[in-house]
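Please look over the model shown here.

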Amino acid sequence: MTPEPALPVPGRSGGAETLHAVLTALTPSAYESDPLLQAVYLLVLALVAMTVLVSAAALALNVHMQWERSRERERSARWEPGVLASVAGGALPSDLAAQVRPAEREAFLLFLLRYALVLDGQSREVLALAAAPHLGLATRMLRHRDPLRRTLAARLLGALGGRDARGPLVALLTDRSPLVAMAAAQALARTGSPTPTYVDALTAALERFDGFGTAAVASMLTAHGVSVGPALAALLGDPDRSESARVAAAEALRRLGDVGAASAAVAVLGSGPPREVSAAALRLLRAVGSPAHAIVARALTSDLDPVVRLHAVAALAALGSSDDAVRLSHALGDESVWVAVRAAHGLREIGASDRLRVVAGSTHPRAGLARQALAE
Amino acid sequence: MSAPLAAPVRVLLAEDDPATAAVLNHRLQRDGCEVVRCEDGSAALAHVAAAPFDLVLAGANLPGLDGLSLLSRLRSGTETPSIPFVVLAWPGNDALVARAFALGASEVIVRPFSLVEAAARIHRLVRPRAV
């Protein structure tokens, strides 16, 4: 019986060759008539084909990425001298814009964005002039169905569009994607001094940013500068606004060091707000209040809520006088250990460490805590 | 006979953000400084150990050894305790700025910055021989 010719080997996979050898070693009748063996062979064939295809795709992707990187390097080498010379005042921005081919507009705007994110003042104005002929692309991108493209458009317009970009960016604050709305809010901060219209739109949109967390929203608000202070103070005092928006407003006012917001904090604390709003208002008062505001903090050191007491003790430590040492010593015995810890630090802060030493050397239940505060 | 030219101010620019490094490098070179660039704190430390510099400009978030650790190391060194040191920071981190000054930073420049103002702040710190 003549041996059956070898079946065609799909690819050079070592595993497949071995299996093929095993298969051809079998009798033809056993191999051709056994559906199980045929299925195994076809499966191996499919796997090998898939491996080849995936490898080819990976290779093509790699080549494409290298080509893209090489193009990016070529473009950077072509544009960077002009950008640096323009920024330094040694070249005209219009000369730079003329170096851009129509298909390179987006790449050029992204290139300028790198510099616009680190530069301000006249240098950024130069970049904006260079970008101006191509910014229509970013404006069109605002209508793109992909939220990431709209986010990119917001960033480009904020960094390179100047005041002219405000209209489209304000409109983007109501975008269906909160991510895009947040990008627009951040981008607005880079378009120059706030105007009442954009501040109103910005504060009205704050509830949309609840998912980003207080720190991120406060950071965004702070970027708009002290001129948004009055609007944030009004928002803080508005009981119809969400708790998170009011807390973010208070935190932004604290970071801005807006002394004028102290009266808003006092008014809020007098209105019986939710716990987190109280805590945020007390943190704000601690940062921007004066000794005249200590009376508010003093009253809240006996609040029923330990979170409010904690922040009241902290505010009193900053705003109060040595006369408040008795109250802080009392707070050292608070049922909440967190209030007690803050009171111990507060005693040091107002210069009443002697009281802390007395507690530390006694059989007071918080003597250990007092010793720890003294040691820090 | 003309007076000998003053040696250029030697600046070590340790910054990993290419755009920041490029604009500062271009500006400082245009102002007559000799700029040595690197992208991480460990390399910056090696550069300072190898040759003297008149000023160090370092990003706060450098890879390897961050800018504040680099500052701390230089301030505690015997050769470099008083070298002018400028920290380049990103916005929104007041605590970092305060810490930089506490560690002895001569200046902190927060991005985005005006290049004219940044250059003025940097030049104020170096000897006026070259700029």
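The report covers cysteines, then a strand and its neighbours, then a pocket.

This is a predicted model: local features need pLDDT of at least 70, side-chain atom pairs count only at pLDDT 80 or more, and totals for chains, interfaces and linings use all residues. Residues are numbered from 1 along each chain as written, chains are lettered from A and ligands numbered from 1 in written order, and side-chain values use heavy atoms, without hydrogens and water.

**Cysteines**

A search of the whole structure finds 0 disulfides over all chains. A disulfide here is a pair of cysteine sulfur atoms within 2.5 Å. Cys33(B) is in none; its nearest cysteine sulfur belongs to Cys38(B), 16 Å away. That separation is too far for a bond. Both residues are listed below; buried means under 20% relative accessible area, exposed over 50%, and partly exposed in between (1.4 Å probe, protein chains only).

| Residue | Relative accessible area | State |
|---|---|---|
| Cys33(B) | 8% | buried |
| Cys38(B) | 9% | buried |

**Strand β3 of chain B**

Helices (H or I, at least four residues) and strands (E, at least two) are DSSP runs, numbered from the N terminus.

Two strands pair if DSSP finds at least two bridges between them. β3(B) pairs with β1(B), residues 10-14, in the parallel sense over 4 bridges. There, Leu57(B) is the bridge partner of Leu13(B). β3(B) also pairs with β4(B), residues 85-89, in the parallel sense over 4 bridges. Here Val56(B) has Phe85(B) as its bridge partner.

**Largest pocket**

The largest pocket has a volume of about 1100 Å³. Its lining comprises 33 residues; Arg190(A), Ser219(A), Ala223(A), Pro91(B) and Pro112(B) lie nearest the centre. The elements giving two or more residues to this lining are α8 (147-160), α10 (178-188) and α12 (214-222) of chain A, together with α4 (94-102) of chain B. α8(A) gives the most, with 5 residues.

A pocket is an open set of points on a 1 Å grid over the protein atoms alone, where a 1.4 Å probe fits, with protein on both sides within 12 Å along at least five of seven lines; lining residues have an atom within 4 Å of a point.

Key:
Points joined across faces, edges and corners; volume = space filled by probe spheres on them.
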